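Hi there,

Here is the structure I promised to pass on to you. Have a look at it first, and then read my notes below.

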Amino acid sequence: MTTTRVHHQIETTPFELSARTKALLTQPGMRYGHLTARSLDEARVAIDILLLDTAQGQPLLLTAPLEAGTCEYPALTPAIPAAHWAERMLGDFFGLHAVGHPRWKSLLLHDDRWPMALCPLAGAEQATLPRTPYRFLKVEGEGIHEIPVGPIHAGIIEPGHFRFSCLGEIVTNLEIRLGYQHRGIEKRLTEVPWHQSRFLAESASSDTAAGNALAHATAIEQLLGITPPSRAIALRTLALEIERLANHLGDMGALCGDIGYSPGAALFPPLRGAALALAQFLTGNRRQRWFIQPGGVVRDLDAARRRALLHGVTDLAKQAHEHLPLVLEHSGVLERMEGAGRLSPALARDFGIVGPAGRASGTRYDIRRHFVHAAYPALAPVPAHRETGDVLARAQIKAEEIGTSLDILTHVLETLPDSPIDILLPDRLPAHAVGIGIVEAWRGELIHWITTGEAGAITRYAIKDPSFNNWTGLAIAIRGNLVADFPLCNKSFNLSYSGNDM
Amino acid sequence: MRNPFLAIARTGIQTQRELFPDLPAEATGLPTVTAAPCSGCGECAAACPTQAVSISTDTQGPVVTLDRGRCLGCQLCVRACATGTITEDRSTRTATRTRSALMHSNRPQLIQSAPAPSRRFMRSLHIREVSTGDNASDLEVLASTNAIFDLARFGVHIVASPRYADALLVTGPVGRGMHDALFRCYDAMAEPRLVIAVGVSAISGGLFRDGYAEANGVPNDIPVAAYVPGDPPHPWSIIHGILLVMGHKCEPACNNDPLAGVIGVQN
Ligand code: SF4
Ligand code: SF4
């Protein structure tokens, strides 16, 4: 079997784009994936939409070229709210203007820090509009006051700005402004030789090294029409699940820390440490850096290390199953988490919330069931599922996923196939082709979307981190809650700022 | 009813007694350059994704220069080198007090000497962390504070405001979006203040270097007191960097006897 897929590509016009997309989204199992743009030549640009047909496990592309000299198109956000940040990103990166967008302003490139005329991804002769300066949404009314927080926060945490509008202690609106960590990854990915692009691709959010590396490798392999050997696929699965395990375990400890439940905060960091030790055993380092590469993985797991790893997984499973109930059955902890930071299933659906946060709000969506990556969908677990959408639901989903990851790890280690661990890659990527890697990373749906041009050079590399969808979920979830519950609510989402800022 | 305290008691003391243990055999460390003669084949430089290795020649033959300040630790150069000139080094004592000490070569290096660190913070150091785009390093800084590595045993605490911090620990490449915030944080600190650059992106920008985002690491106008290489560095290496700026004698090698030479008595 090969992972190459001929992508269904629909060409349309900017004026029909919204209606066509909306119509396609009514098909069962169809999801909005991402929206971005791509230069066709120095003067022309096309809007690209990625839809995910989860029933078929196939991506579907819609392309709407803009006429040369135009940089305006009718916004999709009114019909597809999940696209609201992606459209603003087009404003920043391509100098485009989504006409009719309800909150049109810059997203990542702050007007006081970046030259107004900078459109880093636009063609040299493309028509552009300067970015619309940023203004926070002003909530008005008697007694409303604002609390600005960040970019630098009090803990060991990434930078971002949160603007709370509050009535007394109650949050009426939270506006999240990110972009502080913009590093220009997507542009750089078109400048480096493609066989070295995995290093940058993996650094999109370096706490998700295995997820990003896997999405990158899957996209490249799809472009080349190759499938890595079965042992490499199994080893990649181990890396992906260890990453999920380590981060979910860390989240359990961090949630306890924010609740002030010290036993939990003391018990879970060492478990996370044990998961990172497994990672080091498998890949050579705790963060699984540079392990997954297109064509396979960089190092094998010999028999002795496989046994040791299996032993470690069994041990960790025993401890995790002992410790999780200490948190999730503790009445004080439950009281704090229950009903806090609710995100309703309807809003989660409208804004395309993914990963554990989506599954906590009624979405039955786990990429492992739908799209080919690592040993999936063959080994896909039944997705954890809750309807309540509160902090407790998100914690319970993570606890369940700790269990399923441990089961998958045990199964893969017990059935590790024999084969080489990589295959030799050709020197070039095919010209004018598209490769899309879609992975269920520990935070959810992660997409690496590569387009090649003349001579197989990468001309566009778009990355959609799961956090890009989910930040809006956090902003909605905190409404009507106490300001003091924000850290707990934030931790229950635990999103990536750098994966969002690119 | 299950008792969480029994669970804690059963897990026992987690803290590692041995300070700066070498990485275990299954782990890969950062590359270093040995005296083994280099053939000048150039494979290492061709393999390196960040141009951290360069090859030149002098009268004695090929000269290898490896800049750990730009190195991701991907091991490609180690695997490419047939002569064993570049090998991996499993030490966790990798932090340095000068940028030039991160240069490894098969020739004697011109290393600027750093002024002897003040011992003012020997017993206690309060640190403010600023993250700018490398969340793996943030997680390793966080890990250094957990029960296993236990940064607090050295009198080091991570604090919430630059106003009461003695040191600023920077992770990530400091792109244009963070310049202003970083300078404001630094300016808010009382003197004397120390800066520690953690991770390859904070040291040089790493993979992001020289792009339009100007993400080239801690800007030159902020003096750096310690550099911790790695992408991300191991928690022990981060602790090493912190102890270096506190003036502990743990460079280039200290013995592994807990506390000896590390918790100094001089003041
Ligand atoms: S280990 Fe460092 S020096 Fe060697 S190839 Fe990788 S990045 Fe370059
Ligand atoms: S260090 Fe090794 S790989 Fe590099 S030029 Fe010398 S012999 Fe070749």
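Predicted model: local features only at pLDDT ≥ 70, side-chain atom pairs only at ≥ 80, totals over all residues.

Residues are numbered from 1 along each chain as its sequence is written, chains are lettered from A and ligands numbered from 1 in the order in which they are written, and side-chain values use heavy atoms, leaving out hydrogens and water.

That pair belongs to two parallel strands of chain B, β6 (residues 125-131) and β8 (residues 167-171), joined by 5 bridges. Strands (E, at least two residues) and helices (H or I, at least four) are DSSP runs, numbered from the N terminus, and two strands pair if DSSP finds at least two bridges between them. The whole open sheet has 5 strands, in the order β7-β6-β8-β9-β10 (chain B), with parallel pairing. β7 (156-158) and β10 (226-228) of chain B each have a single partner strand, so one side of each has no neighbour in the sheet.

Helix α5 (residues 176-187) of chain B lies across β6, β8 and β9 (194-198) of chain B, at about 165° to β6(B). Such angles run from 0 to 180 degrees between N-to-C directions, with axes fitted to C-alpha atoms, for helices over the stretch in contact; contact means heavy atoms within 4.5 Å.

There is also an open sheet of 3 antiparallel strands, in the order β2-β3-β5 (chain B). In this sheet, β2(B) and β3 (residues 61-67) of chain B pair over 6 bridges, and Ser54(B) has Thr65(B) in β3(B) as its bridge partner.

How is chain B divided into domains? The assignment, which is automatic or from a database, gives domain 1 (30-89) and domain 2 (119-262). Their C-alpha centres lie 27 Å apart, and 7 residues of domain 1 of chain B are in contact with 8 residues of domain 2 of chain B. About 640 Å² is buried between these two domains, counted as the accessible area (1.4 Å probe) that two parts lose on being put together, summed over both.

Finally, look around ligand 2: the residues near it (a heavy atom within 4 Å) include Cys38(B), Cys41(B), Cys44(B) and Cys81(B).

Enjoy exploring!
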